[in-house]
Amino acid sequence: MNSRHIRRAAAAAGSTIAAVILLSGCGIAANVFSAGAQRDESGSVTEDSNIDIFDLKVGDCKIADDVNSEELSATNVVPCADPHDEEIFHEFELPDGEYPGEEAIYTAALEGCEPEFESFVGISEEESSLTYAYFSPTPQGWSEVDDRVIQCVLFTEDGSQLEGSAEGTKI
C-alpha cells in the first residue's frame, strides 16, 4: 500500500449526532488512477472520472462508494448536473502535531462541517432533507504524508440522488 493514498471516512450528522458511515482512503499506487478529473476553467468536473481520493475538491459531486468499505483510495466523480449521491461542500485542515485520535477528529469534523453545511445549503441540517459525513486522515496518512484534511460530504437522508449542486438550494 502506498500511504499517500490513505483517507478514512467517518460518521457525523449534525445536531442529532446520528452516525452515518461513509468511506475512506486506503492506498494503492498512484499510477492506477487517471491524472485526475477532467475540469473546466472554473474547476468543475466535466466528465465522469475515477480519481484518487486525494484529488477530490470542494464542489465535486460523486457517486457513493461501497458503504461496507472503511477505507478507499479512489472514487467516482461526475459533473454536478448529472445524477449523483454526494457533494463535497467544505474542507479544512487540522493543526500539526501528534495524531489526535478518532474522537478528537470526530469533534473537529462536527465543529468544522456543521456551520458550513448551513452556509452552503442555505438552511440548517435540522431543517434540510440533506445530511453530511466526512472524510478524514488515517493515523498512517497523518504520520507518513502529513494528511491533515477533513472533507465535509453532503447527501440525501433518504438515499435518493441529487441533480445539480446543493449550494444555496435550501433543500
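1. Glu 157 is exposed, its relative accessible area being 54%; here exposed means over 50% relative accessible area, buried under 20%, and partly exposed in between, with a 1.4 Å probe and protein chains only. The residue belongs to the segment after strand E7 (149–156). Strands (E, at least two residues) and helices (H or I, at least four) are DSSP runs numbered from the N terminus.

2. This is a predicted model, in which local features need pLDDT of at least 70 and side-chain atom pairs count only at pLDDT 80 or more, while totals for chains, interfaces and linings use all residues. Residues are numbered from 1 along each chain as its sequence is written, and side-chain values use heavy atoms, with hydrogens and water left out.

3. Which residues does Glu 157 contact, leaving aside its neighbours within four places in sequence? They are Ser 128, Ser 129, Leu 130 and Thr 131, where contact means heavy atoms within 4.5 Å. Between Glu 157 and Ser 128 the C-alpha to C-alpha distance is 9.0 Å, although 29 residues separate them in sequence.

4. The model has five salt bridges, a salt bridge being a side-chain nitrogen of Lys or Arg within 4 Å of a carboxyl oxygen of Asp or Glu. One of them joins the side chains of Asp 60 and Arg 39, at 2.8 Å from N to O. Asp 60 lies in the loop between strand E2 (49–52) and strand E3 (61–63), and Arg 39 in the loop between strand E1 (8–10) and E2, so this pair ties together parts that are 21 residues apart in sequence. Asp 60 is buried, at 2% relative accessible area, whereas Arg 39 is partly exposed, at 24%.

5. A further salt bridge is formed by Lys 62 and Asp 65, whose closest N and O atoms are 2.6 Å apart. Both of these residues are buried. Together with Glu 86, Lys 62 and Asp 65 are linked in a network of salt bridges.

6. Arg 148 and Asp 96 also meet through their side chains in a salt bridge, with an N to O distance of 3.4 Å. This pair links distant parts of the chain, 52 residues apart: Arg 148 is in the loop between helix H2 (139–145) and E7, and Asp 96 is in the loop between strand E5 (86–93) and helix H1 (102–121).
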